[in-house]
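User: I would like to learn how to read side-chain contacts in a protein model. Could you take me through them step by step?
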Amino acid sequence: MNNDIPFFSVVIPLFNKEAFIEETLTSVLNQDFNNFEIIIVDDGSSDNSVEIVSVICKNDSRISLHRQQNKGVSSARNKGIEIAKGEYIAFLDADDYWYPNHLLNFKLSIDKFSNHAVFCNNYKIEIAVGAFKEPQYTHLPKILKSDIVVIDNYFKCSLKNSIAWTSAVCLKRKVAKAFLFDETMKSGQDTDLWIRLGIKLAFIFNNNASAIHKKYIENSLSKSKSITDRLAITEKYIEQEKNDPFLKKFIDHNRFSLIITFKRLNNKKIVLQLKESLNSDNINKIQRVLINSPKWVLECLLSIKEISKKYYKNLTIFSA
């Protein structure tokens with residue numbers, strides 16, 4: 001590879017993240033593996049995000065800032081992919097954080113499985129400032145902390161938490177350009193991309209957690225805006241579900257979540273539509289009780305903290 005071409009292109013979409021972008025960007029600059037470029041695509045920020053990045057850019061030639069009118073995060077990521085020079089593209093949201101070994105973990109995975117194109121690092125979920133939980137994967141091989149393994153079926157391992165989370169995914173550039181994020185979707189674009197990739201390709205998973213997903217930053221407004229796109233995803237892969245029982249189960253888990261949401265919104269038509277597509281064998285007994293209960297019973301059950309936490313909130317896989 002030409003020494004002038006970075007090994008990694010780090011793509012960061014930016015929109016009104018003045019409280020986080022400096023820490024996020026610093027976490028990239030502090031990487032142990034430093035053969036990278038940073039492409040920041042500002043998606044029409046109205047706060048001081050651009051000013052903060054501009055100051056940092058002056059001190060490091062590896063950083064480039066590109067601006068566009070507000071078109072959404074998918075457009076910003078796709079623009080970053082278009083600009084990227086590196087052979088591999090690592091994504092990072094402007095409010096997340098990488099440990100210093102993050103890109104090195106990707107490099108180790110790439111060196112071990114160079115014939116693959118999708119690489120995932122394990123991560124931590126920050127549910128409140130300074131409070132973390134480990135993601136829960138399903139059917140993951142018994143592996144040590146530092147192990148790197150091939151995941152032949154993304155859906156099989158991602159029934160609770162996804163092994164692919166945007167700020168901990170790296171794609172070979174030619175694959176990133178071939179798939180891209182769906183710009184028609186306002187949310188859930190990352191999940192949609194993992195599904196499309198998972199149907200076609202195996203994923204490489206590095207079990208050494210090297211990134212932090214600041215989940216507490218998500219708000220109820222962004223989640224409410226995601227309902228339409230989440231519903232669209234459940235309708236998009238009907239044919240593919242017929243050929244992969246784990247893809248079917250993966251999407252059925254999200255149909256369950258949406259049934260609860262639309263039942264609470266009194267949208268009986270959508271609830272019925274989702275039930276007709278759902279294989280009840282793919283959810284547990286308590287979940288079956290929830291989707292078949294009257295709304296007032298459902299509200300009572302969901303008011304019980306442990307029921308809500310265990311059987312509803314943790315099963316919303318689609319990103320907001």
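User: Is Y137 buried or exposed?

Analyst: Y137 has a relative accessibility of 16%, and because buried means under 20%, Y137 counts as buried. Keep in mind that this is a predicted model.

User: Which ring does Y137 pair with, and how many aromatic pairs does the structure hold?

Analyst: A pair of aromatic rings is described by the distance of the centres and the angle of the planes. The structure holds 17 aromatic pairs. For Y123 and Y137 the ring centres are 6.4 Å apart and the planes stand at 75°, so this pair is edge-to-face. Y123 lies in the loop between β6 (118–121) and β7 (124–128), while Y137 lies in the loop between β8 (131–133) and β9 (148–151), so the pair ties together parts that are 14 residues apart in sequence. Y123, at 3% relative accessibility, counts as buried.

User: How are the rings of F7 and F33 arranged?

Analyst: Their centres are 5.8 Å apart and their planes are at 70°, so F7 and F33 form an edge-to-face pair. F7 is in the segment before β1 (8–14) and F33 is in the loop between α1 (21–29) and β2 (36–42), so parts that are 26 residues apart in sequence are tied together. F7 counts as buried at 11% relative accessibility, and F33 is buried with a relative accessible area of 17%.

User: Which residues form one aromatic cluster?

Analyst: The cluster consists of F7, F8, F33, Y88, F106 and F119.

User: Which charged residues lie over a ring?

Analyst: Two cases can be described. K107 lies over the face of F7, at 5.3 Å from the ring centre. The charged end of R77 sits over the ring of F181, 5.0 Å from its centre.

User: Next, salt bridges. How many does a search of the whole structure find?

Analyst: The search finds 15 salt bridges. One of them joins R196 and D192, whose closest N and O atoms are 3.1 Å apart. These two residues are four apart in helix α7 (residues 189–200), so about one helical turn separates them. Both R196 and D192 are buried.

User: What else does D192 meet in a salt bridge?

Analyst: The side chain of D192 also meets that of K236, at 2.9 Å from N to O. This pair links distant parts of the chain, since D192 is in helix α7 and K236 is in helix α9 (residues 227–236), 44 residues apart. D192 has 0% relative accessibility and counts as buried, whereas K236 has 37% and counts as partly exposed.

User: Which residues are linked in a network of salt bridges?

Analyst: The network links D182, D192, R196 and K236.

User: How many disulfides does a search of the whole structure find?

Analyst: The search finds zero disulfides. Take C120 as a case: the nearest cysteine sulfur, that of C170, is 9.4 Å away. A disulfide needs sulfur atoms within 2.5 Å, and C120 is in no disulfide. C120 counts as buried at 1% relative accessibility, and C300 counts as partly exposed at 44%.

How values were computed: Residues are numbered from 1 along each chain as its sequence is written. This is a predicted model: local features need pLDDT of at least 70, side-chain atom pairs count only at pLDDT 80 or more; totals for chains, interfaces and linings use all residues. Side-chain values use heavy atoms; hydrogens and water are left out. A salt bridge is a side-chain nitrogen of Lys or Arg within 4 Å of a carboxyl oxygen of Asp or Glu. Buried means under 20% relative accessible area, exposed over 50%, partly exposed in between (1.4 Å probe, protein chains only). Rings of Phe, Tyr and Trp (its six-membered ring) pair if their centres lie within 6.5 Å; planes under 30 degrees apart count as stacked, over 60 as edge-to-face and the rest as tilted. A charge sits over a ring if NZ of Lys or CZ of Arg is within 6 Å of the ring centre and within 35 degrees of the ring normal.
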